[in-house]
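User: Please examine the following model with me. I shall ask about its sheets, its helix packing and its confidence.

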Amino acid sequence: MLQKLIPLFLLVLTFSSCTKKRDLNEKVLHLTVESKVKGLDPINTGDTYSSTEVARVYEGLLQYHYLKRPYELIPNLAKEMPEISKDELTYTFKLKEGVLFHDNKCFKDGKGREMVAQDVVYSIKRLADPKNNAIGWWILDGKLEGLNEWREKQKELEKTNYDEEVSGIKALDKYTVQFKLREKSPQFLYALPTSYAMVVPREAVEMYGKEFLNNPVGTGPFMTDTYTQSNKIVYLKNPNYRKETYPSEGSAEDKAAGLLEDAGKTLPLVEKLVVVIQPESQPRWLSFEKGKLDYISIPKDNFETVVAPNKGVTEEYAKKGIQLQISPDLDVTYIAFNHENPLFKNNVKLKQALSLAYDRVKSNELFYNSNGILAQTPIPPGIAGYDAEYKNPYMQYDLEKAKKLLAEAGYPNGKGLPVIKYDTLAKTVSRQMGEFFKKQMAMIGVNVEVVTNTWPQLTEKVHKRQTQTYGMAWVGDYPDAENFLQLLYGPNSSPGPNGSNFNDPGFNKLFEKATKMQPSPERAKLYEELPQKYSEKVPWILGVHRTSFVVKHGWFKNFKFSTFNYGNVKYWDVDLEKKKKLLEKL
């Protein structure tokens, strides 16, 4: 055995040496993703992990300004912000000229052709195509004139007719695309930077067929070969990327943090991305400590050793040049009930009992180091509709009331109640969360079985309505309360984003009213009242709104946390000289 280990050890040393040498002579970003990525098809990126990877390769008409807060939409593939008609129903975009798709064998001679208006039209129709069962369809469902009708018509056809004209999405000429809305929608523009609406070439979709999700062809700053569902994805700089530069506008804080030092430089700033898929937090943390990752969210078990009481890094990590960023995230964690399951469909008191038996303060302490804000509704702080004064009566910990309601639900002390299955991820922390939920429910006589899954397995179960309860988090797609409340909107039920399949006519009606209103104090008030009014229905057991604690190495430049991480990697950089010096301290 020893004889076999020695040459293997030498091989590892040789490989490590080569890797280190290469890293210090080439600008490479070393990143990580926490779960398996289910593919790189924009229309089916219904999770943060997949959408982050897709946005390295693909782009939409709009993007968010990298540095500005509050978040501001700016052009991406569009040449400028759209011309909007007086009745606010027609949006006309001029596209940037000379934008090329990545070189790929799907094109003539393998050379990427120019992206034009017809590609935008095709991409939107592909999102609407019922044969694709696109997870992201909800974002434009009911928004564009004639698109839903076109979608219904295609259900009857053996092959989708992408050449049939739709009045709500047209290419007026080679570089002009026009959207016509069915009715005013203040949130419409927020759909266009999302991964769902990113632009794909028809040639690639038709050549690769079902394997298109593993053969990405976009216009983005980076490109990759066939994705093999392995534990590593390597992206190379797109040599034909259009002329785009690092922003020159930012706050005084941005300037002090060095985030404007690269203003005006051509993007992207690095040559390569290496993304390692690491589901477990401790291997990720060890990789970061050894300098194999450029930045990382701090795992809960390492929090106290890294974060000092003054909210900086402890002296041990400061000596290594490691820096900390603390930022509020626009998100919410929750435990969902599947309302199509007979157990929860009409038994509100059962849901109320389970919610009151869940100690969220303890959960926040155990899993978020008490840094989460206890959620009272799905709407997070920082968005109009968040009410800091409201206390949800069914999100308080009250075992005696929980036992009383459980009895009223027909299950005194849990008698007669079948075992409830709780689906979660196979990761250590997710399993611990599941066991905590199980322990909490046992205190009122409810038996829970924790079922572990990979991320693709869990999302597939949710989309197919095969769960009873499950743990989930929603990270905002855009900075509007609609994006959080639509998780409870009946027409968005699975395979849409409403995985709990909550469907209340009263809620649906008020939601539709609110989302048609222009931003105003009246709309914000309705956003506040809507989830509060239906709190007694307990569609979820709410968790927390998280705060992001990210540590990064001193050589990692231009990082600024954003909830909407659509392609931000193009702004990031590596200081190779500083990296060489700091690696010696690790």
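User: Over how many bridges do β12 and strand β20 pair?

Analyst: This is a predicted model, in which local features need pLDDT of at least 70, side-chain atom pairs count only at pLDDT 80 or more, and totals for chains, interfaces and linings use all residues. Residues are numbered from 1 along each chain as its sequence is written, and side-chain values use heavy atoms, with hydrogens and water left out. Strands (E, at least two residues) and helices (H or I, at least four) are DSSP runs numbered from the N terminus, and two strands pair if DSSP finds at least two bridges between them. Strand β20 (residues 547–552) and β12 are joined in the antiparallel sense, and the number of bridges is six.

User: Which strands stand at the edges of the open sheet of three strands?

Analyst: The order in this sheet is β11-β20-β12, with antiparallel pairing. Each edge strand has a single partner, so one side of it is left without a neighbour in the sheet; these strands are β11 (295–297) and β12 (323–328).

User: In β10, what is the bridge partner of V234?

Analyst: An open sheet of four strands, with mixed pairing, has the order β1-β10-β9-β8. Strand β9 (residues 232–237) and strand β10 (residues 272–277) run antiparallel and are joined by five bridges. The partner of V234 in β10 is V274.

User: Are α11 and α13 roughly parallel or roughly antiparallel to each other?

Analyst: Axes are lines fitted to C-alpha atoms, for helices over the stretch in contact, and angles run from 0 to 180 degrees between N-to-C directions. Helix α11 (residues 348–356) packs with helix α13 (residues 399–408) at an angle of about 160°, their axes being 8 Å apart. Angles under 35 degrees count as roughly parallel, over 145 as roughly antiparallel, 65 to 115 as roughly perpendicular and the rest as oblique. The two helices, α11 and α13, are therefore roughly antiparallel.

User: Over which residues is the pLDDT below 50?

Analyst: The pLDDT is the predictor's confidence in each residue, from 0 to 100. The chain averages 93, and 96% of the residues score at least 70. Where pLDDT is low, the predicted coordinates should not be read in detail. The stretch below 50, which has one contact in the model beyond near neighbours in sequence, is residues 1–20.

Terms used
Contact means heavy atoms within 4.5 Å.
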